[in-house]
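Work through the exercises below with the coordinates open. Each task is followed by a solution in steps.

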Amino acid sequence: MNKKVLNHSGEIVKMSNALARGRWLPKSIYEPRLIAQVAARVHKDDQEFKTYEIPVTAILQGKVDGRTYKILADAADNLMGKVITVDTDNKRGWIKYTIFSYCEYDAKNGCIRARFDPDLKPHYLNLKSNFAKYNLNEYMNLPSSYSQRIFEILKSWDDKPEVIIPLAEL
């Protein structure tokens, strides 16, 4: 059942800088990949989140085998319960968000259907300024969840020629 790896060269992920810099710890490389795949399907004119359909091959980079169900179930379980912490503008407070409000694996059609939690709207919808933007293909080729997180954090500072991030913040 190995399908051809999809080319994501034209897909762009956009999210608020605050969310890109938010604190969370993925348990596998598949969690950030699933989030990025869903984010890339959010259109600039969307007013509400939709249920977005992601081919399993896009998340697994074409490596569909007997472990697929477990990998996807673990990623979905972790993301449904995952909390991301975003600092508020005054730097003395924070907001905690859950990532997905809905996630479904459709083995017959080889896809995951997921919807962001509605509270994340200001971080993905109607972004006019202060947002990170990157090519999905570049992101999907990163070898670890750590490199993915650092990539997002650095992209959130793309408008600055230089930034110093204390190690404790990473």
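The model is predicted.

**Exercise 1.** Find which residues Gln47 is in contact with, leaving aside its neighbours within four places in sequence.

Solution. Step 1: with those neighbours set aside, the contacts of Gln47 are Lys121, Leu125 and Asn126. Step 2: place Gln47 in the chain; it sits in the loop that joins helix 2 (30-40) to strand 2 (52-55). Step 3: look at the side chains; that of Gln47 forms a polar contact with that of Asn126 at 3.4 Å.

**Exercise 2.** Determine how many disulfides the structure holds, and account for the state of Cys111.

Solution. Step 1: the count of disulfides is zero. Step 2: Cys103 is in no disulfide, and its nearest cysteine sulfur, in Cys111, is 10 Å away. Step 3: a disulfide needs two cysteine sulfur atoms within 2.5 Å. Seen from Cys111, the closest cysteine sulfur is the one in Cys103, and because 10 Å separates them, they are too far apart for a bond.

**Exercise 3.** Describe the backbone and exposure of Asn126 and Asn130.

Solution. Step 1: most residues other than glycine have a negative phi. Step 2: Asn126 has a positive phi, near 55°, and Asn130 also has a positive phi of about 55°. Step 3: Asn126 belongs to the loop between helix 5 (121-124) and strand 7 (131-135), and Asn130 lies in the loop between helix 5 and strand 7. Step 4: Asn126 is partly exposed, with a relative accessible area of 36%, whereas Asn130 is exposed at 58%.

Notes:
Residues are numbered from 1 along each chain as its sequence is written. This is a predicted model: local features need pLDDT of at least 70, side-chain atom pairs count only at pLDDT 80 or more; totals for chains, interfaces and linings use all residues. Side-chain values use heavy atoms; hydrogens and water are left out. Helices (H or I, at least four residues) and strands (E, at least two) are DSSP runs, numbered from the N terminus. Contact means heavy atoms within 4.5 Å. A polar contact is a pair of N or O atoms within 3.5 Å; within protein, one must be able to donate a hydrogen and the other to accept it, and residues adjacent in sequence count only if both atoms are side-chain atoms. Buried means under 20% relative accessible area, exposed over 50%, partly exposed in between (1.4 Å probe, protein chains only).
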